[in-house]
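Take a moment to look it over, then read on.

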Amino acid sequence: MIFSGSCITASWILAAAIAIIPSFNLGYFGDEFYGNNGVCLPLQIHDPFSKGWQYSMVVFCGINSLAFGFITYAYISMFITISRSKLGLRSSQQQQDRTIAKRFAFIVVTDMLCWVPIIVIKILSISGNLIAFKNNYLTLYKDFF
């Protein structure tokens with residue numbers, strides 16, 4: 001119990017540090033790291049190589065991809081463990097297993113729906129695609145030069 005509480009506390013402290021570090025005047029992040037778009041996320045999709053782009057890339061693509069992979073692995077592992085522990089039980093347990101699987105899948109899919117678009121947009125902007133909002137729609141323009 002103490003170990004899990006320590007891990008959760010350390011995770012929150014690390015997340016807060018990752019978010020707060022760009023607000024210090026270090027020069028690496030420039031003046032508008034958080035303020036360069038309307039959602040206050042440092043995606044830098046209009047100028048993908050502006051100050052602090054590597055930090056933004058690591059946070060949004062690296063850490064979020066690792067976190068999504070871990071969440072997927074953890075829920076699949078939990079489901080397999082639950083299923084194996086009920087092998088000798090009656091078939092009424094199959095309905096409960098399906099319910100648990102649906103809940104786990106819902107958690108993983110909603111996490112994916114939140115973060116995959118951000119990761120894809122960041123990768124597209126870094127790879128040379130011009131991303132613009134036109135008539136409230138996201139538009140991608142390929143730079144062929």
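Going by ring pairs, the count comes to 4 aromatic pairs; rings of Phe, Tyr and Trp (its six-membered ring) pair if their centres lie within 6.5 Å, and planes under 30 degrees apart count as stacked, over 60 as edge-to-face and the rest as tilted. One of them joins Tyr 28 and Phe 29, whose ring centres are 4.8 Å apart with planes at 80 degrees, so this pair is edge-to-face. Please keep in mind that this is a predicted model, in which local features need pLDDT of at least 70 and side-chain atom pairs count only at pLDDT 80 or more, while totals for chains, interfaces and linings use all residues. Residues are numbered from 1 along each chain as its sequence is written, and side-chain values use heavy atoms, with hydrogens and water left out.

**The aromatic cluster**

- Phe 29 also pairs with Tyr 55: their ring centres are 5.0 Å apart and their planes stand at 80 degrees, so this pair is edge-to-face as well.
- This pair links distant parts of the chain, since Phe 29 sits in the loop between helix H1 (2–20) and H2, while Tyr 55 belongs to helix H2, 26 residues apart.
- Together, Tyr 28, Phe 29 and Tyr 55 make up one aromatic cluster.
- Which members of the Phe 29 and Tyr 55 pair are buried or exposed? Both Phe 29 and Tyr 55 are buried, and for Phe 29 the relative accessible area is 5%; buried means under 20% relative accessible area, exposed over 50%, and partly exposed in between (1.4 Å probe, protein chains only).
- Tyr 28, at 35% relative accessibility, counts as partly exposed.

**The overall layout**

- The protein has 3 helices and 2 strands, and along the sequence they follow the pattern α-α-α-β-β; helices (H or I, at least four residues) and strands (E, at least two) are DSSP runs, numbered from the N terminus.
- Of the 145 residues in the protein, 23% are buried.
- The protein exposes about 10600 Å², with carbon and sulfur atoms supplying 70% of it; areas come from the Shrake-Rupley method with a 1.4 Å probe, and for residues only the protein chains shown count as cover.
- Among contacts (heavy atoms within 4.5 Å) with a separation of 6 or more, 45% are between residues 24 or more positions apart.

**The annotated spans**

- An unreviewed UniProt entry carries the annotation "transmembrane region" for residues 57–83 and 104–132; such annotations may be inferred rather than shown by experiment.
- Residues 57–83 are 100% helix and 0% strand, and the end C-alpha atoms of this span lie 38 Å apart.

- Asn 64 is found in helix H2 (residues 53–85) and counts as buried at 14% relative accessibility.
- What does Asn 64 contact, leaving aside neighbours within four places in sequence? The answer is Val 59, Trp 115 and Ile 119.
- Ile 119 belongs to helix H3 (residues 92–126) and is buried, with a relative accessible area of 12%.
- Not counting residues up to four places away in sequence, Ile 119 touches Phe 60, Cys 61, Asn 64 and Ser 65.
- Ile 119 and Val 59 are 60 residues apart in sequence, and their C-alpha atoms are 9.8 Å apart in space.
- Ile 82, in helix H2, is partly exposed, with a relative accessible area of 24%.
- Ile 82 touches Asp 97, Ile 100 and Phe 104, again leaving out residues up to four places away in sequence.

**A loop residue**

- Phe 49 lies in the loop between H1 and H2 and is partly exposed, with a relative accessible area of 48%.
- Phe 49 and Ser 125 are 76 residues apart in sequence and 9.1 Å apart in space, C-alpha to C-alpha.
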